[in-house]
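Colleague: I would like to go through this model feature by feature. Please give the general idea each time, then the case at hand.

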Amino acid sequence: ELGFFDGEFISLDEAKVRLEDRGYQFGDGIYEATHVYNGTCFALPRHLARCRRSLRELRIPITYMDEELTAIHQDIIKKSGIKDGAIYYQITRGTAPRTHYFPEHVVPHLSMTIRESKPNTEWQENGIHCTLVEDIRWLRCDIKSLNLLGNVLAKQAAHDKGVQGTIQFRKDQNLITEGSSSNFYIVKDGIIWTHPLNHYILKGVTRSILMEEIIPKLGLTVVEKAFSPEFAMSADEAFVTSTSLEVTPVVNIDGHTIGQGAPGKITQSLLTEYHRLVRQECYA
Ligand code: PLP
C-alpha cells in the first residue's frame, strides 16, 4: 500500500490532512476509484472524464490535467509494486478558515491511495444476497462527491443483516435507484432493465462500458427505465456493476429468490465479455 498527497508519495499513516481541509470539514470534494489489473489501470480515461465533470458541477477549479493524473496513477502503481489493486483518489476544494461559501484563493488538494485488491470471484460465481433500503441521499447522486453518509448507512444495513449488498429505492415513487456503491439491473423476459441516467444515480463507468460496448456487441436489449422493488423480485435475473464488483449476480433480495437462485445466463455473458475487455486492455 502507498499514498500520495499534493505531489509527494507518502506512507498511509503519515499525517498530511490539514485540519481545515474542506474535504474534511464539509465533504467538499470528489473522488474516483479505479481498478488495477496486471499493473495497468482499467478504463482510466472514463474515470478521468467523470472526475472532471464532478469538479465542474461543484465549481472546483481544475488544477490537474488528465495527462498528469494518468502519470500519477502510473507512478503510484510502479512505486507500490502492486499488480492487482484498487486506487482511490480524491480532490477537495482546498484549505481555508471554515465558511460555508467558497473561500477565495484556495488551491485544491489531491490525495491518492493504492492497496492490493482483487474482484470477489466467489460472489461472481455464486451471486450475492441483497437487502432493500430507502434511498435517503441528496438530489445530486450524479456527482461522485465525498458526501457518502447515505451510502454508508445503506451499506451498514446489509452488514447488519449479514448479506453482501444493498439496493436502494425511493420511497415516494417506489422505484429502485441503485446499489450503495454500484448500479443495479434486472433481466425480465430477455430484456435488461436499469434506472435511467439522471440526478438520482451515479453514471457508473462499468455501467457505461456495459451500455456502450458490451450490450450492443452481444446483441442484447436494454431499457433505461426505473422499476419497483416488486418488479425486481419477479425478475429472471438481477445483477450489480461497479469497478470493484465488475458484474456480480444478485440471487436473493430480502429472502426472495431471484429467478432460479443462481447467476443467470445473460448476467454471466456480460461478465465474460467484461473480462474479455479487461484482458484486452490490461494483459495485451
Ligand atoms: N453507484 C454508486 C453510488 C457508486 O458509489 C458507484 C461506485 O462506487 C457506482 C454506482 C459504480 O460506479 P463505477 O462503475 O464507476 O465503479
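Colleague: How many Å separate the centres of domain 1 and domain 2?

Modeller: This is a predicted model, in which local features need pLDDT of at least 70, side-chain atom pairs count only at pLDDT 80 or more, and totals for chains, interfaces and linings use all residues. Residues are numbered from 1 along each chain as its sequence is written. Domain bounds come from an automatic or database domain assignment. Here that assignment gives domain 1 as 2–116 and domain 2 as 121–282. Taken over C-alpha atoms, their centres are 26 Å apart.

Colleague: How many residues does the contact take from domain 1 and from domain 2?

Modeller: Two residues are in contact if their C-beta atoms, placed from the backbone, lie within 7 Å. Domain 1 gives 22 residues and domain 2 gives 14 residues.

Colleague: Which elements each supply at least two residues of the side of domain 1 that touches domain 2?

Modeller: Helices (H or I, at least four residues) and strands (E, at least two) are DSSP runs, numbered from the N terminus. The elements are strand E3 (29–37), helix H2 (44–57) and strand E5 (85–92). E3 has the largest share of that side, eight residues.

Colleague: Which residues have the most contacts inside the largest nonpolar core?

Modeller: A nonpolar core is a set of buried Ala, Val, Leu, Ile, Met, Phe, Trp, Tyr and Cys residues joined through C-beta atoms within 7 Å. A residue is buried if 20 or more other C-beta atoms lie within 10 Å of its own, exposed if 12 or fewer, and partly exposed in between, with C-beta atoms placed from the backbone. The largest core has 31 residues, and Tyr185, Ile186, Ala232, Ala238 and Val250 have the most contacts inside it. Elements that give two or more residues to this core include strand E10 (183–188), strand E14 (246–253) and helix H8 (265–282). A second, separate core has eleven residues, among them Leu2, Phe4, Ile76 and Met112.

Colleague: What does alanine 238 contact, leaving aside its neighbours within four places in sequence?

Modeller: Its partners are Tyr185, Ile186, Ala232, Val250 and Ile258.

Colleague: Is aspartate 6 buried or exposed?

Modeller: Aspartate 6 counts as exposed because it has 11 C-beta neighbours inside 10 Å. Aspartate 6 sits in the loop between strand E1 (2–5) and strand E2 (8–10). Not counting residues up to four places away in sequence, aspartate 6 touches His109 and Leu110. The C-alpha atoms of aspartate 6 and serine 111 are separated by 6.3 Å, although the two are 105 residues apart along the chain.
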